[in-house]
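Q: I'd like to learn how to read a structure like this one, feature by feature. Can we take it as a chat?

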Amino acid sequence: MKNYPSNITRQQFELIRPALENFRKRTKPRKYDLYEVFCAVLYVLKTGCQWRQVPGDFPEWRSVYNYYKIWSTKAEPTADPLLEQVLKKLSLLGELTKDVQL
């Protein structure tokens, strides 16, 4: 995977990995590295590109979009979506969502 400006470091990702891994029960082994999936989601949020136009060196766009849907869904009506929580933890929420609605 290329180093896109929207990517975070592996070290930053380790801060949020447990939350992303534990959000849904795993029933089978993951096909894609969550770091690459998360970086692809950040790429879409940062660039505003269409899901189908996610660069080919990221995981398949359908998988990235499915993770985005899961992470963007509120677990409880009063709670923030997981994606918003981890972006806040990384202090990226304002930077990435200026023009994009989560």
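This is a predicted model: local features need pLDDT of at least 70, side-chain atom pairs count only at pLDDT 80 or more; totals for chains, interfaces and linings use all residues.

Q: Let's begin with helices. What span should helix α3 have, and what do its end C-alpha atoms show?

A: The idea is to work out a length from the residue count and then check it against the coordinates. Helix α3 runs over residues 61-72, which is twelve residues, and at 1.5 Å a residue it should span 16 Å. Its end C-alpha atoms are 16 Å apart, so the two agree.

Q: Which residues of α3 are buried?

A: Here you look for relative accessible area under 20%. In α3 that picks out S63, V64, Y67, Y68 and W71. They cover an arc of only 140° around the axis, which means they sit on the same side of α3.

Q: What do those buried residues pack against?

A: For that you look at contacts with other elements. The buried residues of α3 pack against α1 (10-22), α2 (34-47) and α4 (82-89).

Q: Which elements give two or more residues to the largest nonpolar core?

A: A core is read by asking who belongs and who touches whom. The largest nonpolar core has 30 residues, and the members that touch the most others are I8, F13, I16, L20, F38, W71 and L83. The elements giving two or more residues to this core are α1, α2, α3 and α4. Of these, α2 gives the most, with eleven residues.

Q: Can we zoom in on one member? What is L20 in contact with, leaving aside its neighbours within four places in sequence?

A: Skipping sequence neighbours leaves the contacts made by the fold. For L20 the list is F13, L34, F38, W71, L82 and V86.

Q: Now charges. How many salt bridges does the count come to?

A: Side chains of opposite charge can pair when their charged atoms come close. In this model the count comes to six salt bridges.

Q: Where do the partners D33 and R10 lie?

A: With a salt bridge, check the distance, then the location of each partner. The side chains of D33 and R10 meet at 2.9 Å, N to O. D33 lies in the loop between α1 and α2 and R10 in helix α1, so the pair ties together parts that are 23 residues apart in sequence. D33 counts as partly exposed at 27% relative accessibility, and R10 counts as partly exposed too, at 40%.

Q: Is R17 buried or exposed?

A: R17, in helix α1, is buried, with a relative accessible area of 18%. Not counting residues up to four places away in sequence, R17 touches R10 and D33. R17 is also linked with E14 and E21 in a network of salt bridges.

Q: How far apart are the closest N and O atoms of E60 and R62?

A: They are 3.3 Å apart, in a salt bridge. E60 is partly exposed at 34%, and R62 is partly exposed at 44%. Another salt bridge joins K88 and D80 at 2.7 Å, N to O.

Q: Last one: which residues does the UniProt domain annotation cover?

A: A record can be laid over the model like any other span. The unreviewed UniProt entry annotates residues 8-74 as "domain: Insertion element IS402-like". In the model, that span is 58% helix and 0% strand, with its end C-alpha atoms 24 Å apart.

Notes. Residues are numbered from 1 along each chain as its sequence is written. Side-chain values use heavy atoms; hydrogens and water are left out. Helices (H or I, at least four residues) and strands (E, at least two) are DSSP runs, numbered from the N terminus. The expected span of a helix is 1.5 Å times one less than its number of residues. Buried means under 20% relative accessible area, exposed over 50%, partly exposed in between (1.4 Å probe, protein chains only). The arc is that of the directions from the helix axis to the C-beta atoms. Contact means heavy atoms within 4.5 Å. UniProt positions are given in the numbering used here, feature names are shortened, and annotations may be inferred rather than shown by experiment. A nonpolar core is a set of buried Ala, Val, Leu, Ile, Met, Phe, Trp, Tyr and Cys residues joined through side-chain atoms within 4.5 Å. A salt bridge is a side-chain nitrogen of Lys or Arg within 4 Å of a carboxyl oxygen of Asp or Glu.
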